[in-house]
Amino acid sequence: MLWIYYALLKKDAMLLITINTFCVFIQTFYIVVYFYYGPKKEKLVTLKLILLFNVFGFGAIFFSTFFLKNPLIRLQILGYICMGFALCVFVAPLGILRKVIKTKSVEYMPFTLSVFLTLGAVMWFFYGLLLKDMNIAVPNVLGFIFGILQMILYAIYKNYPKKMVEDPKLQLSAQQVVVDVVKLGSTTVCLEVNAVGPNPNNGEGTDEAQNIKTNNTTDASNEV
């Protein structure tokens with residue numbers, strides 16, 4: 001949205017308007033799908049981030065620049081802001097690069113994404129260069145560098161076997177399941193013991209209940 005606002009103020013960057021409008025629709029579709037299938041806790045975090053950046057953040061930038069009297073200063077300030085966010089977008093893959101080096105696996109870094117990231121950075125760099133707009137050209141230099149670095153890492157680690165990263169949350173969930181099964185077994189044993197009453201005809205009812213309790217406890221432990 002920032003690039004669309006920047007292009008509208010610039011008045012001679014129609015490609016920025018058309019391409020970024022298409023990107024807004026695509027990203028909105030991604031967010032809708034995520035809200036439909038994502039976990040409730042993560043959806044709340046995502047909603048807070050959307051409100052923080054897309055609503056309040058964009059609103060603050062818009063109202064703080066739109067009413068500036070000098071259009072050149074307004075465009076320059078907005079261009080610096082757009083360049084800063086573009087640099088953040090291209091720096092974001094550093095986390096993926098670290099995971100690839102740590103796990104020696106490229107399953108989290110698709111090759112086609114790296115290729116199109118590099119091609120897109122090259123095209124936008126030349127577009128900004130032809131327009132003599134460094135706000136467009138400079139961030140894509142960094143995008144080109146990171147795109148090349150991702151393809152190099154892919155070539156290095158593509159033949160390594162896939163390694164699943166151990167998630168402590170998953171291990172904790174597995175332990176919780178085992179504990180719940182043990183508790184369930186104990187509850188079942190207690191119910192079975194309570195169902196056995198003493199025999200009023202002889203004094204062996206209590207011994208019989210104790211024997212059943214011992215046998216059921218042993219069976220439940222073997223099942224777990």
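**View 1. Residues 49–67, a stretch of helix.** Over residues 49–67, the chain is 95% helix and 0% strand, and its end C-alpha atoms sit 26 Å apart. Helices here are DSSP runs of H or I with at least four residues, strands are runs of E with at least two, and both are numbered from the N terminus. The UniProt record (an unreviewed entry) lists 49–67 as a "transmembrane region", along with 13–37, 73–96, 108–130 and 136–157; its positions follow the numbering used here, feature names are shortened, and such annotations may be inferred rather than shown by experiment. Keep in mind that this is a predicted model, where local features need pLDDT of at least 70 and side-chain atom pairs count only at pLDDT 80 or more, while totals for chains, interfaces and linings use all residues. Residues are numbered from 1 along each chain as its sequence is written, and side-chain values use heavy atoms, leaving out hydrogens and water.

**View 2. Residues 108–130, another of the listed regions.** This span is 87% helix and 0% strand. Its end C-alpha atoms lie 35 Å apart.

View 3. How do you describe two rings together? A pair of aromatic rings is described by the distance of the centres and the angle of the planes. Rings of Phe, Tyr and Trp (its six-membered ring) pair up if their centres lie within 6.5 Å; planes under 30 degrees apart are stacked, over 60 edge-to-face, and the rest tilted. The count by this rule is 14 aromatic pairs. Take Phe62 and Phe63: they are edge-to-face, at 5.3 Å centre to centre with 85° between the planes. Phe62 and Phe66 are stacked, because their centres are 5.1 Å apart and their planes meet at 20°. Those two both sit in helix H3 (residues 40–66), 4 residues apart, or about one turn of the helix.

View 4. Tyr5, Phe58, Phe62, Phe63, Phe66 and Phe67 form one aromatic cluster. Is Phe63 buried or exposed? Phe63 is exposed, at 55% relative accessibility, while Phe62 is partly exposed at 24% and Phe66 is partly exposed at 35%. (Buried means under 20% relative accessible area, exposed over 50%, partly exposed in between, using a 1.4 Å probe and protein chains only.)
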